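Trainee: I would like a close look at a single part of this model. Please take me through it step by step.

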Amino acid sequence: MAFTVEADGGSRGNPGPAGYGAVVKDDAGRVLAEAAESIGTATNNVAEYRGLIAGLRALLALGAEGAQVEVRMDSKLVIEQMAGRWKVKHEGLRPLALEAAGLARRFRVTWTWIPRERNSHADRLANEAMDAAARGETWRASALTSAPDSAPAVEPGAEPPNIDAPSLFDDDPGAPALAARAPAAVGESAGGRAGTSGATGAGTAGGGADAAAGTATSHDRRGHGWMPRATRVATSLLLLRHGQTPLSVDKRFSGLGDPSLTQTGLAQAEAAALRLSRQPYEVEVIVASPLARARQTAEAVAARTGLAVLVDHDLRETDFGEWEGHTFAEIQQRWPRELAAWLADPDVAPPGGESFASTALRVEQARDRIVKAHEGRSVVVVSHVTPIKMLVRLALGAPPEALYRMHLDLACLSAIDYYADGPAVVRALNDTAHLS
């Protein structure tokens, strides 16, 4: 399938109050996702680049990596620079141009300049975002419909929900972090304890024996200096996403279906287990989802550490109901209205399935049980994309739409420290150094 991304940005003053809009359409002209945001005081060119970036992210959130895409904008500057015909001379635009180019490399892109009157949809979204900001409000997208030129609620800068092959769900149904959350693959990822310190960090850089062994980053679970007085050692949850399954290979929704790991998935589990068996992890407890793919991954860690695997049923993946085993494109064809409602509201469940709001409640309960039962210890939690993203979102105090702004790879590690006398601290996100 081919796609179109239309993007625009504007500034009322140049520089002045600015905003962007972007819309993703399929080859039949149906709107798949919308994104818009007020970005404060900026120039037209900055807003235009931000619109392009949001549009490409929205497309990624739909699980369309590698697809043929026509990007249409009425900014001659951005189109010519992205096509490589003009140089990016302005220092302030270079970081944005690099980010846009990096996203574009994940597709097969054709760059097309169009007159402003043919870019009315994205222009309208940008103006809606600026108007909303002027009223002290935040832009909200309308619900997705299957009619051309109607758009989903997509919020800017979103990532697919990871199915099993990187996406939001368990086996790779991706969902965007945009106002219209569109899954593409249900994948999960966990972040190792090693990696970044402070808020979130992607520990994917590095690799090699030392990085995989955890020597590249130390993990001190004592209180942090910015706390007035550290009184406790942290309870560390090392969030490990399971390895590859047949559903993640095909980017199909994988919830409560129970596929086993592929040979690649078993190798990924073994690589993660080897890493976690070494310093600086000192794993003391292993808790896993009851689903086979998570249990197999956890058992690899158990074999390396000599620990037993405890099971917590609330760590299971979201139940995708009738969508289980389908790709996002198939769901869009068969359940367009239900998909639109689901993308627009975390309280809406797939037919016969479970809403993300319900998933969040049980994952929070699982977290509280684990932290209470294993206070001050290092716990490997083997789960799926949605539960792991929920835990990170809750630790950051982020809104539900943040779920779509994270990407988790198969067999990745993420880490959160919980302090009895302070806030939770996300130490790593989507760390895959052990897979290098």
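Trainee: Which residues does valine 24 touch, not counting residues up to four places away in sequence?

Mentor: Start with the ground rules. This is a predicted model, where local features need pLDDT of at least 70, side-chain atom pairs count only at pLDDT 80 or more, and totals for chains, interfaces and linings use all residues. Residues are numbered from 1 along each chain as its sequence is written, and side-chain values use heavy atoms, with hydrogens and water left out.

Now your residue. Leaving out residues up to four places away in sequence, valine 24 touches Phe3, Thr4, Val5, Arg30, Val31, Leu32, Ala33, Gly55, Ala58, Leu59 and Leu62. Contact here means heavy atoms within 4.5 Å.

Next, its wider setting. The largest nonpolar core has 75 residues, and Val24, Tyr49, Leu52 and Leu59 touch the most other members. A nonpolar core is a set of buried Ala, Val, Leu, Ile, Met, Phe, Trp, Tyr and Cys residues joined through side-chain atoms within 4.5 Å. Buried means under 20% relative accessible area, exposed means over 50%, and partly exposed lies in between (1.4 Å probe, protein chains only). Helix H1, residues 44-61, gives the most to this core, with 9 residues. Helices (H or I, at least four residues) and strands (E, at least two) are DSSP runs, numbered from the N terminus. A second, separate core has 21 residues, including Ala272, Ile286, Ala300 and Ala428.

Now the sheet. Five strands form an open sheet in the order S3-S2-S1-S4-S5, with mixed pairing. Two strands pair if DSSP finds at least two bridges between them. Strand S3 (31-42) and strand S5 (108-113) stand at the edges with a single partner strand each, so one side of each has no neighbour in the sheet. From one strand to the next, the twist averages 15°. Strand S1 (residues 2-11) pairs with strand S4 (residues 68-73) in the parallel sense, over 6 bridges. Valine 5 stands opposite valine 71 in S4. Recall Val5: it is among the residues that valine 24 touches.

H1 lies across S1, strand S2 (16-26), S3, S4 and S5, and runs at about 155° to S1. Axes are lines fitted to C-alpha atoms, for helices over the stretch in contact, and angles run from 0 to 180 degrees between N-to-C directions.

Asparagine 14 is in the loop between S1 and S2. Proline 15 is found in the loop between S1 and S2 too. The peptide bond from asparagine 14 to proline 15 is cis, with omega near 5°. Asparagine 14 also has a positive phi, near 50°, and is a residue other than glycine. Most residues other than glycine have a negative phi, and most peptide bonds are trans. At 41% relative accessibility, asparagine 14 counts as partly exposed.

Compare another loop. The peptide bond from glutamine 279 to proline 280 is cis, with omega near 10°. Proline 280 sits in the loop between helix H7 (263-276) and strand S7 (285-288).

That is the picture. Valine 24 is one of the residues that touch the most other members of the largest nonpolar core, and H1 gives that core the most residues.
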